[in-house]
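I opened this notebook to keep track of what I looked up in one structure. The entries follow the order of the looking.

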Amino acid sequence: MCNNTIIEKLVPWNLLTENIQNYLPIEMKIHLTTLTISLKSFITNKIVPPIIWIEDSLLLVEACLDKTWEILNSGYWRFVSVEYRYCYSFCTILKAVLLEFQYKNNTKECTKNITLLKSIIQQIDKGILLGAPLPNVPCLLPKIASELNNCTIKALEVQDLEELVVDYKNFNDSILPGFVEIVQYVEPSMELFYKEIFMPKVPAILKGCIGHWKALNHWKNLNYLIKVAGNRTVPIEIGSRYTDEDWTQQLLTFSEFLQKYVLTKNDQVGYLAQHQLFDQIPELKDDFIVPEYCNFTDNDDVEQPDINVWFGPSGTISPLHFDPKNNLLCQVFGYKRVILYNPNDSLNLYPYDTRLLNNTAQVDPMNPNYEKWPNFSKAKGLMGYLKPGEMLYIPPKWWHHVTSLTPSFSVSFWWS
């Protein structure tokens, strides 16, 4: 496996070249067209490109990546033309192929090639995170990353880590004064969920609905997570909550995040929050099933939900905020405390008046300042505790404040 090329065999070159003319920025087409045609010719004719050509081509691709990166970071992300995100993905694929050829020419040592594979995986993950899936080959980057990750696992011994043990001894699930307990149901039928929860938009904790998920057992096994995701790069939020001034984000490998923020006590809180991990690492999708409750909609369109993960140590906090969609928050392991407020209480929660934070409240419901926010005393809050194997239905625009009381892994499903 060490001495074989992997990536170029996975690339459908005819489909890939279509993207240049149809989806890439004009200023990138002339450079990338010539390079892609030459690279395709080398591969079709089973010719290893000359080292000098590979090095020159890498410089060209790096220049295109740098220019694209500059444009992607020049303003609000949502306003950047998607063709530049396509370009970042396209260049990532070319760079990965060129790097693989470069190391095939320069080294015969398996250990060095494993280091290469890891560095290519990190580059591909950046392409997944910053780019956009190419329209005619949308799964190509995740597929390449998965194949390379499998090679590193086969070639290296993975450290045998114990199952993540969550200490529930000191767990207190009492409802604090001034709050009403969130209503609970055990395995509600589809009809009951629709009539009593979904249609009237009532928050509810649902028990016994995801006991069949393999994730409930697999994801507590750190050795399992390391094998599947250890070498993959993920965006980590640094800081207890995103409203803090010192809050920031870093790109770390999953292993680095696990060692630094989950397994080790750290003065800073690291949180893998609101990340579409399963689009990046699709093999993890086999460990859960989208709840059938997500089939109910508020319009005529049935769509696949947006699926995000929330994984971190004790002490992570999602400040009081609301989302525009229906939300099923599913607890894989760990305990979370959830506080909810009806949309009718919005003015009493003092939302920020900035565009980026207008769905976030300035009030901290666990430490309210009534002198600064006097009307908060009028708000009527619900409280509940989300335990392993339970789901919480949060209706659209309901305010929610979520605190991890232990190391915790949650999966959320958002749909309209």
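Entry: I began with Trp219, which is buried at a relative accessible area of 0%. The cut-off for buried is under 20%. I note here that the model is a predicted one.

Entry: the partner of Trp219. I looked up its ring pairs and found that Trp219 and Phe288 form an aromatic pair. The centres are 6.4 Å apart and the planes stand at 75°, which makes the pair edge-to-face. I then checked where the two residues sit. Trp219 is in the loop between helix 9 (215-218) and helix 10 (222-229). Phe288 is in the loop between helix 12 (277-280) and strand 7 (306-312). The two parts are 69 residues apart in sequence, so the pair ties them together. Is Phe288 buried or exposed? I found a relative accessibility of 8%, so Phe288 counts as buried.

Entry: Which rings are linked with Trp219 into a cluster? I listed Trp213, Phe254, Phe257, Tyr261, Phe278, Phe288, Phe311, Phe333, Phe409 and Phe413, linked with Trp219 by ring pairs. For the structure as a whole I noted 32 aromatic pairs.

Entry: a stacked pair. I looked next at Tyr194 and Phe198, whose ring centres are 6.2 Å apart. Their planes are at 20°, under the 30 degrees that stacking requires, so I put the pair down as stacked. Both residues belong to helix 8 (residues 190-198), and they are four residues apart, about one turn of the helix. Tyr194 is partly exposed, with a relative accessible area of 32%, whereas Phe198 is buried at 0%.

Entry: positive phi values. Lys201 has phi near 55° and is found in the loop between helix 8 and strand 3 (204-207). Gln274 has phi near 50° and lies in strand 6 (residues 270-275). I also looked up the accessibility of Gln274, which is 46%, so this residue counts as partly exposed.

Entry: Asn19. I placed Asn19 in helix 2 (residues 13-23). Its relative accessibility is 0%, so Asn19 counts as buried. What does Asn19 touch, leaving out residues up to four places away in sequence? I wrote down Leu24, Phe90, Leu134, Pro135, Asn136 and Val137.

Entry: the whole chain. I counted twelve helices and 14 strands. The C-alpha trace spans about 75 × 45 × 45 Å along its principal axes. For 416 residues, a compact globule would have a radius of gyration near 22 Å, and the chain has 24 Å, which agrees. I noted that 51% of the 416 residues count as buried.

Entry: contacts and charges. I looked at contacts between residues at least 6 apart in sequence, and 81% of these join residues at least 24 apart. The chain carries 36 positive and 45 negative side chains. The centres of these two sets lie 2 Å apart.

Terms used. Residues numbered from 1 in each chain as written. Predicted model: local features only at pLDDT ≥ 70, side-chain atom pairs only at ≥ 80, totals over all residues. Heavy atoms only, no water. Rg over C-alpha atoms; globule rule 2.2 N^0.38 Å. Buried < 20%, exposed > 50% of the residue type's maximum accessible area, 1.4 Å probe, protein only. Contact = heavy atoms within 4.5 Å. Lys, Arg positive; Asp, Glu negative; His and termini not counted. Charge placed at Lys NZ, Arg CZ, Asp CG, Glu CD. Phe/Tyr/Trp six-rings, centres within 6.5 Å; stacked < 30°, edge-to-face > 60°.
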